[in-house]
Amino acid sequence: MQTQTYELNMGPQHPSTHGVLRIILELDGEVVVKATPVIGYLHRGIEKICEGKTYGQTIPFTDRMDYMHSMNNNLGLCQAVEKLMGLEVPERAEYIRVIMAELSRIASHMIYAGALVNDLGGVTGFVFLIRDRERILELFNKACGARMTFNYIRIGGVQQDVPEGWVEECRRFVDDFPEMMHTYNGLIMGNEIFQARMKDIAILPPDRAVAMAASGGVLRASGVNYDVRKDDPYGIYDRFDFDVPLGTKGDNWDRFIVRMQEMEQSIRIIDQALKQMPEGPVMAKVPKVIKPPVGEVYHHVENSKGDLGYYVVSDGGMKPYRWHARRPAMVNLQLLDELCRGYKIADVVAILGTLDPVLGEVDC
Amino acid sequence: MNSNPDLLTSLAGSIRSVLSPLIGNPDGVDMAMYGVGLLAVITLIFTNAVILVWGERKVAGFMQSRYGPNRLGPWGLFQSIADVLKLMSKEDYRPKLVDKWVWALAPIIMFAPAVAAYAVLPFGKDLVPVDLNIGIFYFIAVSSITTIPLLMAGWGSNNKYSLIGGMRAVAQMVSYEIPLVFSMLGAIMLVGSLKMSSIVEAQSHIWFVFLQPVAFLVYVIAATAETNRAPFDLVEGESEIVAGPLTEYSGMRWAMFFLGEYANLLAVSAIASAVFLGGWQPLPLPGALGDMMHAIPGWIWFALKTYIMIFVFMWFRWTFPRFRVDQLMGFGWKVLLPLSLANILVTGVGIFLYRVAIGG
């Protein structure tokens, strides 16, 4: 029988393309022959816009890149500029930054896991994760008055100290976390269908992962031990004791489980940070007008999606001469075609889910 | 057995006694009574769909630790009425490039077999709309027509998502029909009749769920697949193929599919309670408790069992993620089918041994 392939246009309006990603699928029945991601529907030209803003004004734009893990985006940029200026950040601010970044990482991974489960048809798992994420957003709201786009971490410290009772509430969240994890273990990871859908699908060998410059959970799921927090510690990350969870196979299941384990490690970091956090100021003495000396800097941090880097060039003026972000979600998304080939349509949404693209960051 | 006529049978009797002097001819009265039955069934389907839409959202809320609808009326009961009003007031939109007739006919054909299947459901003692002597066979035959409107919708919509969904519908429903039928064969062999009322009456001492546990399990799984509900909701597969065959439908046309789906859900649950859970038979309890159980009318028992089955189906839907298409087919052909065949074999051997034991 003569058969032919056909094209299916998935997105930009589709329930599970995580925003406005468009994938042109070439299909043979239900089997994917080729998957071409088409990006750019959310492109706002952030890098160019930032060249016209002062350094402080560019921070809110980073919030809108990876809007799931905004705190870390703020952190990366602020640390890059601080590096350029040679600025010392007060101790307490460093600890608050770490706590915020790790809470944000947990929130991001919760969305990741929830969206993935939802894509596989398990709506209840999604709702449970969103419910627990709400507590983190509540913490952010109390600290800086925003649930999503924070602009909380500033050049030289953080915007303001955490309010009274915040540390205790954060502590309660840390204490409750194992129970939440227990729920997910039962409802999501323990489910036979979920395991059958995830295991041995879309295997990414370590050499290919490295060759494609993958980072974050995608890379570590393939067994490559690379975490910026460990390998190139920034801020005060070298003071904490935590593990880097690694996968063995690099399939969908590993990519999922690695992130779930990362959440536990983040809780460990927050736990230590809450114990060690000193009193004191949260903002360094920063001039009103930030004019970094002439020069360039590249600084990278471990985002929930991977290795997030900022490249900032200063010409000595108020505004950056060049402002560039290495966006891990964008780089990881390039693996989509390679991973999808030969699998079914239903796997495409699962693979896309495990690559965890946030379109705000992919398109930037 | 309690032989007192209950509310519904006496109601039917009084309608008949009003009608017979008016029409005269006994055959004509029978025909009129079928009309009354049809009316009752359609009313049941509509009210049931309204209740199930509300119930499903309440169950989902319960599973997901939230409230579900709670604004309109007590416990949000009027929410689905508001939904129906919304659906009816929506524009009847027909995309330009659809195959006009196939596309327009599909929702109607979806609804028709659902109504027809209700003809043989044993709602209570003497409360079977048409007690055919091939009742269960008729049910299977009629309800399997549901495959065709889904394919029609998929083909007629001129949309690739719809087409994929339609193809999945055919593959899935044809595959799971076989274990569904085979799972019921065990019970039928025990009874020796295809008549619905005899199947229910045979369970007055012990329900078939205890004699045929494997068959019941197979039936529940296959029925979930047959009604296209999670974890077998590949046909709609929201996160994969948008809404499958229903992608291009809106307003009342879409609601007809919905209605048909909920009617099918009620029908398979009703069959489950009739074939495996003793239908209108009360809980077989000894002594005074048993007498108390007998005092409750049969149709209440039947409704209770049916709605418990529906709750189980809803429970599945809000717990499990979706299968993949190859896993679905593999599970149907490699697990359920051999299991149901083995069940038939074991049942046959059991019946043979039982006869030998009785004979000897």
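Is Arg92(A) buried or exposed? In this predicted model, Arg92(A) turns out to be buried, with a relative accessible area of 6%. Its salt-bridge partner is Glu279(A), with N and O 3.7 Å apart. The two sit in distant parts of the chain, 187 residues apart: Arg92(A) belongs to helix H4, while Glu279(A) is in the loop between helix H11 (252–276) and strand S6 (295–302) of chain A. Glu279(A) is exposed, at 69% relative accessible area.

Helix H4 (residues 91–119) of chain A also carries Arg97(A).

Over all chains, the structure holds 35 salt bridges. One of them pairs Arg168(B) with Glu30(A), the closest N and O atoms lying 2.5 Å apart. Arg168(B) is in helix H7 (residues 160–191) of chain B and Glu30(A) in the loop between strands S2 (22–28) and S3 (31–38) of chain A, so this pair joins two chains. Arg168(B) is buried at 3% relative accessible area, and Glu30(A) is buried at 15%.

Back in chain A, Arg220(A) and Asp227(A) meet through their side chains in a salt bridge of 3.6 Å, N to O. Both residues are buried. They also take part in a network of salt bridges that links them with Glu102(A), Arg105(A), Arg229(A), Glu262(A) and Glu302(A).

Notes. Residues are numbered from 1 along each chain as its sequence is written. Chains are lettered from A and ligands numbered from 1 in the order in which they are written. This is a predicted model: local features need pLDDT of at least 70, side-chain atom pairs count only at pLDDT 80 or more; totals for chains, interfaces and linings use all residues. Side-chain values use heavy atoms; hydrogens and water are left out. Helices (H or I, at least four residues) and strands (E, at least two) are DSSP runs, numbered from the N terminus. A salt bridge is a side-chain nitrogen of Lys or Arg within 4 Å of a carboxyl oxygen of Asp or Glu. Buried means under 20% relative accessible area, exposed over 50%, partly exposed in between (1.4 Å probe, protein chains only).
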